[in-house]
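Trainee: Hi! Could you walk me through this one before I start on it?
Mentor: Happy to, let's open it up.

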Amino acid sequence: MTVAAASRPARGARGQTLVLAGLLGPAVAFIVALLLTALGVLFINSVYHFTGTQVQPRITLEAYRRFFTDSFYANVVWQEVRLAVVTTALCLAIGYPTAYAITKIRTPGWVIAAYIVIFSPLLTSSIVRAYGWLVILARGGLVNWVLADLHLIGAPVRLIYNFTGVTIALVHVLLPFTVFPILAVLLRMDPTLREAASDLGATRLHTFLRVTWPLSFPGLYAAAQLTFVLAMNAYVTPQLLGGGRIQVLPLLIYGNISDLNWPLAAVEAIALIGLVWAITLSSNLLFRRRLAATTEHE
Amino acid sequence: MTASRRDPVAIALWAFLALVGMYMLAPLVFVVIDSFNPSTYGTFPLAGTTLHWYANVMQVPEFRAGLTNSLIVAAGATVVGVTLGTLAAYALARYRFRTRELARSFLLLPIIVPAIVFGAALFLLYIRIGLYGTLTGLVLGHALLGLPFVMSIVAASLQTLGREYEEAAMDLGANPFVTFFLVTLPSIRPGLIVGALFAFVTSWDQVEVSLFITRPQNNTLPIAMFNYEQNYQDPTLAAISAVLIGFAVVLVLVAVSVLKSQEYRKLIERQ
Amino acid sequence: MEAPRTRARTAPDTADQPAVELRRVHKRFGKVHAVRDVSLSIRENEFFSLLGPSGCGKTTVLRMISGFETPTEGELYLEGRLANTIPPYRRDTNLIFQHLALFPHLDVYDNIAFGLRLRRLGRDEIRRKVLEILDLVHLGGYESRRIHQLSGGQKQRVAIARALVNQPAVLLLDEPLGALDLRLRVQMQVELKEIQHRVGTTFVYVTHDQTEALTMSDRIAVMRDGMVEQLGTGRDVYERPRTRFVAMFLGDSNLLIGQVEAREESRTIVRAAGHVLIAPAEETATPGTAVYLCVRPERLRLVGPDDAPLPASYENRIRAQVRDVTFKGAFIEYRLATPSDDTLIAQAHADGTRVIERGGSVVVAWRAPDGVVLTE
């Protein structure tokens, strides 16, 4: 049989609806009650009034006005986008060859080892990983010690509490998320395509440029999007390794909530979601044709 | 890699992979090394080793409380997440209905919304309904975050498994409930375990949401560590991190043994 | 197992009912019309096969009988009772799945006992029945084995045992022997037939393998594109196919395109392959109709120039030239070309007699009753 049918045996349509409600209901209700309600409260707060010490349920657009007129926020957004773009670019540059290399490993034992090395850091908290980078990159830390020992530097290099440190640590956190989609696409690729190219006279480089690379584009794109979004939403790494010098929206959100300026925090949250959406949607439109072309061949 | 050992491309790829591997493991390795560092500022090189910081870990009351809270919350979040997620996954994998893709996307919302935004929103909600600073609030928040993972993993398991076992059970006289508990659940055990692991780890390592909804006296371990880091930078933090890394290593071993177990392999082979 | 069985569970007034009956059943999956207007009646204790190529709807019919699909239109009766909406766990049928679906987390005993336990039989009774059925399928002593330890043939038997131990009124089999190698398959065919005789249950068997269907069945329904093309015993369907599809699906056949010249009471005169040929009477063969004349390869006799002449009953004779000779073990296959450019395939027993060589000139002959006139 070519058509897979839902084998719900001999039960009325109404019976099925009841069953579905029972199965999906709890999860859906949970999300509505917690997530949607909480977001609703957040959005409502964005139009409330902050007196300086407390929030009053008086409708006003002052938080929005402040956010869109004060150049401080524009700078924060700019720095955040810069951070996310640089991080994404580095992740792709490192992640693609990594994924490619993994697909070339022949021994299953080494494949498993590669997966463990790349993905197991995800099992630890972002705090542990951030702290690890502090240890390595600090003034008295490992890198400076090695560089000084090799007489490559005269004075300790500042590698933390700046853009560099945050980037190094953030790339580390996000690299597994970059590798995964690319790896998935590469593994699914029909190996006979490469063999055909080879048979037709293409060198390995030629095969890579003309066959592997174009066909892996959807994976690369998905990886880029995922990495970018995660970088934009990151809190722990910029906070611990930024030393206050790196200001991004997530940090502002936390700060404003702590300072009781909930309306402003809400506006920043909405701005964050809106910004990420806008960039994601526009890049989807931009690459729409290229994506459609390659997925047709699957 | 490719046949000839002396193939320069293969060598380059291996070397690159090794470098990436070192990059990925570096912070974890050096945290562990640093946990034995006698210097209070964690400077390199190490002038000897000490277990002083490990002893210190247990002295910090926030860490002890944090550990207990994290365990309770993670366990609770796992139970809630696995239950809701498995039921939802069953609906998505076994039934066909018009709003199915919409439902699937809806259930992925918790990972689409930025955690920091969710945390802030949850704080504002919890303040109103009195769940701020409670373990229950944490359990619910973490369960929500783990739900999409459980749902995806279990749904994939169910899809790979196929309906045949369930049909066989029904053919032999089992109604849908009996079938679910006697046949379906045992058959997707590996998927359930992996889903549970994801839900557990998501809660265990969760920071952005916990930051907003924990009370200073009632923190989870990551928050306790986060707070500690703001005030002190001594290797106590490295010691507790090393313990957590050890915990993660154990998890990896469990996962690998689950995937390698003969039972699982036979289950995923079609008979 | 007691045999032959008396269906103690059916009420007296259903005793003469067919075991399974389909009346004008349709099944649609969205736009796909998988089963079209199928009506058939399966008798008690019959070994009934649904035969056809992939996608012909035979599995869908089986799944409707077992309860995993509901007919879109039409009625399904089990033992005289309307069964369209009865769920599978309440039907007195058991299905042996194509991939067997043996529960991997249970051992052989628990697999077989599964259905019995659901009916809350006593532990001793369950034990007795399980051991009994294991003996029936020649797997005595295998109760504690785990499924992954079994060979393909053994798994087959466990699947059969698991289904039969519940003493269903109808046993449904969905191409169960597909995964076995040829030798094992043939052996299992024999065993299945034996079991069916001993136990006396109605068997409904789905397969795409015509040899299998012919070997085991009392009656066969040949299906194509969701419809039943022909229903009859193996001999009926093989020797008297009613359509070209049936003729070609079961065994090889020679199909000569021709035209009806005359229709007589006991025979039909057909002009084909440049000759006037005689075939059995066929109602639909009105003079002038375009038809196919179908003759099985094994019914063709080849006469070489040195051979003894054939008896007069071999009324149809065509000159032909041998184009190809293939040795197929038990028989020899000849490919012949006629002056009219038709190709004929003939089969002769490899009984040690002289093999006609390529290029040889022969007369191909067959008896009038051995042909079939096909108007579809």
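Trainee: How much of chain C is buried?
Mentor: Of its 376 residues, 41% count as buried, where buried is 20 or more other C-beta atoms within 10 Å of a residue's own, exposed is 12 or fewer, partly exposed is in between, and C-beta atoms are placed from the backbone. This is a predicted model, where local features need pLDDT of at least 70 and side-chain atom pairs count only at pLDDT 80 or more, while totals for chains, interfaces and linings use all residues. Residues are numbered from 1 along each chain as its sequence is written, and chains are lettered from A and ligands numbered from 1 in the order in which they are written.

Trainee: Thanks. What secondary structure does chain C have?
Mentor: Chain C has 8 helices and 20 strands; helices (H or I, at least four residues) and strands (E, at least two) are DSSP runs, numbered from the N terminus. Its C-alpha trace spans about 75 × 45 × 40 Å along the principal axes.

Trainee: Which domains is chain C divided into?
Mentor: Domain 1 covers 12-244 and domain 2 covers 253-374, with bounds from an automatic or database domain assignment. Taken over C-alpha atoms, the centres of these two domains of chain C are 39 Å apart.

Trainee: And how many residues does the contact between them take?
Mentor: Domain 1 of chain C gives 4 residues and domain 2 of chain C gives 5; contact means C-beta atoms, placed from the backbone, within 7 Å.

Trainee: Switching topic: how many residues of chain A are in contact with chain B?
Mentor: 66 residues of chain A are in contact with 73 residues of chain B. Helix H1 (residues 13-45) of chain A supplies the largest share of chain A's side, 17 residues. That side divides into 47 nonpolar, 14 polar and 5 charged residues. Here Ala, Val, Leu, Ile, Met, Phe, Trp, Tyr, Cys and Pro count as nonpolar, Asp, Glu, Lys and Arg as charged, and the others, Gly among them, as polar.

Trainee: What about chain B with chain C?
Mentor: There, 18 residues of chain B are in contact with 21 residues of chain C. H8(B) gives the most to chain B's side, with 6 residues, and that side divides into 9 nonpolar, 4 polar and 5 charged.

Trainee: Last one: what pLDDT does chain A average?
Mentor: Chain A averages 89, and 94% of the residues score at least 70; pLDDT is the predictor's confidence in each residue, from 0 to 100. Over residues 1-11 of chain A, though, the pLDDT is below 50.

How values were computed:
Contact = placed C-beta atoms within 7 Å.
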